[in-house]
Amino acid sequence: MNKPVIAGIVAGVLLAGFAVLSPITGLNFDVEAQSTGTTKKVTLIADEVDVQVAPDNALHPGGVMYRAMVFNGTIPGPVISVDQGDTIEFTLINEGEVIHSIDFHAGHGPNDAVGANASATGSTVRSGESVTWTWKPPFAGVFFYHCGADGLNGVWEHIANGMYGGIVVHPPNEQPAKEFYVVFGEIYSNNVEGVFTQANGTGSFDVAQFLTGNPDIVMTNGMAHRYVPALGAIAKIDINPNATIFQVKPGELTRWYIVNAGPNDGIAFHFISGMIDVRDGSIKNRYGTQLKNDETWWIPPGSGSVIEATFPQEGVYVGVDHAMNDVVKGAAFAVLATPDATDDDHPPGTMVPPRGSDRVTSPTTFEETRPAAEQAEEFEPPTGEATTETTNATDTGNQTGTGNETDTAGNETSSAAGNDTNTNSTG
């Protein structure tokens, strides 16, 4: 499905506002950053679970349930946030029933991208097994990670089933900003017959729809219209009564790590009523901003962009995929510029630990929600209680990525090429 980058303002849809993705500020791609001497520990747990991928509304009466493949229990997996020069000690535990693996687009070379002594097709981990290795991402930016299935056999299905996320590598000279993690992804389900029809049971991957490039749903952080309370002003349609919306202060610098999981379509990212500065990690030898005051930015599948935006006036802005059929399918989120915004009022799962933080992942999951304001047409800040930080753990004794923190004792400084070889172990 081809998606031209469309300029302009979306009339009569969602709230109102615009700005687009933009890679990290002040990235130096000429040389690798010097080692920080810090090792960050990250654990991802692979599994297959039932998740809700669309809310109960007129578009999908009763909502849509789907049998997903996940990291740490949710679509997408948690953001992984490190500093350029950090070493990552990564563990993948497979608690599912099928073979899973990992592919880090932030890696440079097979040992970094998919694990020490693993083939370029992925560190395949059988059910009940785990693998651990250390590596160091060389470049700053935001990068895609995903399951590689069984040596790429079925990788398309594992990505389409929700097994992906983003890793942020902060550069040394990054300007402070309020940062957010947003991942777009497609669902090809055999239980959805179109909009305004009720889904039949719990869906699973439909290869025919996948091959024709016709997703039923386009999610933002694992659900269609997760951050959209309603559409319309006069002819209003309630979309998600449990929606949370992003809150920022007028005039403050915000940074959006936008990841497009695909697996098939690109994202024409745009902020209704906004402008964006784009910092694209694909441009080497570029130390500053690639684009300033742009309107729409193309993000191909399997890629991420760092978008910076300042929202000048109080009011509602809307981040969208400017392909309008995907807006109907769920690819939109609301941003409220208000003086009442705080530094830590991120919707659950969207906070990105800043440079220098001892936390590696967001402290909350995407499943935790708080209700939007009763008067959704006014798009006021949510009125529910603040969410509580949680740390997930499993019986294996390994914490999930949602609670991992910096390993402060005995930090390693060697690059992945010099790290000890790690092997698969059962149990």
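Predicted model: local features only at pLDDT ≥ 70, side-chain atom pairs only at ≥ 80, totals over all residues.

Q: Is Arg255 buried or exposed?
A: Arg255 is buried, with a relative accessible area of 0%, which falls under the 20% cut-off used for that word.

Q: Which side chain does Arg255 meet in a salt bridge?
A: The side chain of Arg255 meets that of Glu174 in a salt bridge, at 3.8 Å from N to O. Arg255 lies in strand β15 while Glu174 sits in the loop between β8 (164-170) and β9, so this pair ties together parts that are 81 residues apart in sequence. Glu174 is buried as well, with a relative accessible area of 14%.

Q: And which residues make up the network there?
A: Salt bridges link Glu174, Glu179, Arg255 and Glu308 in a network. Arg255 and Glu308 are 53 residues apart in sequence, yet their C-alpha atoms are 4.4 Å apart in space. The side chain of Arg255 also has a polar atom that lies 2.7 Å from the backbone oxygen of Gln175.

Q: How many salt bridges are there by this rule?
A: The count comes to eight salt bridges. One of them joins the side chains of Arg355 and Asp83, at 3.8 Å from N to O. Because Arg355 lies in the loop between β22 and β23 (406-407) and Asp83 in strand β3, that pair ties together parts that are 272 residues apart in sequence.

Q: What about the accessibility of those two, Arg355 and Asp83?
A: Arg355 is partly exposed, with a relative accessible area of 33%, whereas Asp83 counts as buried at 9%.

Q: Where do Lys236 and Asp238 come in?
A: Their side chains meet in a salt bridge of 3.6 Å, N to O. Lys236 counts as partly exposed at 32% relative accessibility, and Asp238 is exposed, with a relative accessible area of 53%.

Q: Changing topic to packing: how many residues does the largest nonpolar core have?
A: The largest nonpolar core has 58 residues, and those with the most contacts inside it are Trp256, Phe271, Phe311, Phe333 and Val335. Strand β9 (residues 178-187) supplies the largest share of this core, namely six residues. There is also a second, separate core of 25 residues, which includes Leu92, Ala106, Val131 and Trp133.

Q: How many aromatic pairs are there?
A: The count comes to 23 aromatic pairs. Among them is the pair of Phe246 and Phe333, which is edge-to-face, with 5.2 Å centre to centre and 65 degrees between the planes. Phe246 lies in strand β14 (residues 246-248) and Phe333 in strand β22 (residues 332-337), so the pair ties together parts that are 87 residues apart in sequence. Both Phe246 and Phe333 are buried.

Q: Now the backbone: which peptide bonds are cis?
A: Two to look at are the bond from Ile75 to Pro76, with omega near -10 degrees, and the bond from Gly262 to Pro263, with omega near 15 degrees. Pro76 lies in the loop between β2 (64-71) and β3 (80-83), and Pro263 is in the loop between β15 (253-260) and β16 (267-272).

Q: Where do they sit, Leu152 and Asn221?
A: Leu152 lies in the loop between β7 (141-146) and α2 (155-160) and is partly exposed, with a relative accessible area of 40%. Asn221 is in the loop between β11 (217-220) and β12 (230-231), but Asn221 is buried, with a relative accessible area of 0%.

Definitions and conventions: Residues numbered from 1 in each chain as written. Heavy atoms only, no water. Core = buried A, V, L, I, M, F, W, Y, C linked by side-chain atoms within 4.5 Å. Buried < 20%, exposed > 50% of the residue type's maximum accessible area, 1.4 Å probe, protein only. Helix = DSSP H or I, 4+ residues; strand = E, 2+ residues; numbered from the N terminus. Phe/Tyr/Trp six-rings, centres within 6.5 Å; stacked < 30°, edge-to-face > 60°. Polar contact = N/O pair within 3.5 Å; in protein donor to acceptor, adjacent residues only side chain to side chain. Salt bridge = Lys/Arg side-chain N within 4 Å of Asp/Glu carboxyl O.
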